Structure formats: structure tokens, C-alpha cells
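Here is a short briefing on one protein chain. Look over the sequence and the model, then read the points below.

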Amino acid sequence: MRRAIAVLGLAVMVSMAASAQAQNDAYRGWRARGVQSIEISPGAFLPLFILDTDFSLAETTNLSPGATFSVRYEYLLSRSLGVGAAMAGAFASTIGGRTLFMAPVTGTVYWHGGSDALEFLAGGEVGFNVMRLSGKGLLSPIVKLGGGIARTISESWSIGGRILYWFAPELHTGTYAGLTMYGNFLEISFGARYHF
């Protein structure tokens, strides 16, 4: 009887170890050179502060919290470094009832760390931003910095969140140079990523 229990216990431990190894191998498969991913992330868009032309703090942002939506593509150059591109849309309402809309298109660089199942991200994005307010548009540069955390739920999918700081200057030249402002925003998003 003892021998049967010992054999049964050993069989259960071996099968659990094999299952855990198979799960780890599945997680390891997507964090390798050449793996690509697409991420979709909705989230909150929070105005932080506005700097004037002389980089002094404006009294108020005149903006209420809004929403954002991002689509990201990434290619892993190594297990820890990924490059890619992102497109986003964000909007926030003004005190006067108008809507500020921004649509940045950026190149991305992110460092990936952590365990196979739990991943940490840190990096940034640089590109250009289409801004529109009351029918008037402007094309300006944009920089995003931040990070996130993701949990791998299968070989092909992971879910997680990001917090990104946006530095979005509104640059004017000539007679309108005095209208130059430097917007500072925060994106808090939650999304799903597909690895292939």
C-alpha cells in the first residue's frame, strides 16, 4: 500500500513539473528575437500642466480629463529590447465646452524585463502629433516616456497596463509665436497584446 501511494505521489509530482515546464516554455516562446506583437489599449487621458512660451507655469490647463486609445506594433530585437510604432487618439474637453483632439504617430523603443509570465516595460516614444481645437489644426512634435506591467495569459496573449507621460508642445512661428505652449499630459491605459 505504501509503495502504491509513493508511486502515485511521484507520478503526480512528475506530471505537475512537466505541466509547469510546458507553461514556462510557452511563455518563453514569445519573448525571443524576431517575435512581433500588436497591442490595443484604451485608457484615461489626464491634463497635468501647461507651460507658457517662457516655460513658466500657466495658471490653469482649462482642460478636463478625457480618454485615449492606442494601437502599437513592436518587433523584438532581443529578449529585452523591442522597437516599433504607435498610433493614438486622445481628447479632452475645455472649460468653454470645446474639445481638444490629439493624434500622435510615434516610433517606439521599450525595454522588457521580469519573469516569463510577469513582464515589466520601460521606454519611450518620439514622433509627431496632429492637434485640433475648434476646427483649427497644428502639426507638432511629441515625446512620451513611461512604463508598464503585463501578465502573459497564453503563448499568444498578454494583458496589462501602461502609464505614459506625454510632452506635447504646441509650436507657433512668426506673428503667432507668442501662442506657443507646452502641454504635459498623463496616459493611464489597460490593454491586450497579441504575439506572433
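Buried means under 20% relative accessible area, exposed over 50%, and partly exposed in between, with a 1.4 Å probe and protein chains only. This is a predicted model: local features need pLDDT of at least 70, side-chain atom pairs count only at pLDDT 80 or more, and totals for chains, interfaces and linings use all residues. Residues are numbered from 1 along each chain as its sequence is written, and side-chain values use heavy atoms, with hydrogens and water left out.

**R193**
- R193 counts as buried, because its relative accessibility is 3%.
- R193 sits in strand β8.
- Its side chain makes a polar contact of 2.7 Å with the side chain of E119. A polar contact is a pair of N or O atoms within 3.5 Å; within protein, one must be able to donate a hydrogen and the other to accept it, and residues adjacent in sequence count only if both atoms are side-chain atoms.

**Strand pairing**
- Strands pair if DSSP finds at least two bridges between them.
- Strand β1 (residues 36-51) runs antiparallel to β8 (residues 181-195), with twelve bridges.
- Within that pairing, L51 has Y182 as its bridge partner in β8.
- Strand β7 (residues 157-170) also pairs with β8 in the antiparallel sense, over 14 bridges.
- Here G183 in β8 stands opposite A168.

**Whole chain**
- The chain has one helix and eight strands. Helices (H or I, at least four residues) and strands (E, at least two) are DSSP runs, numbered from the N terminus.
- From the N terminus, the order is α-β-β-β-β-β-β-β-β.
- Of the 196 residues, 34% are buried.
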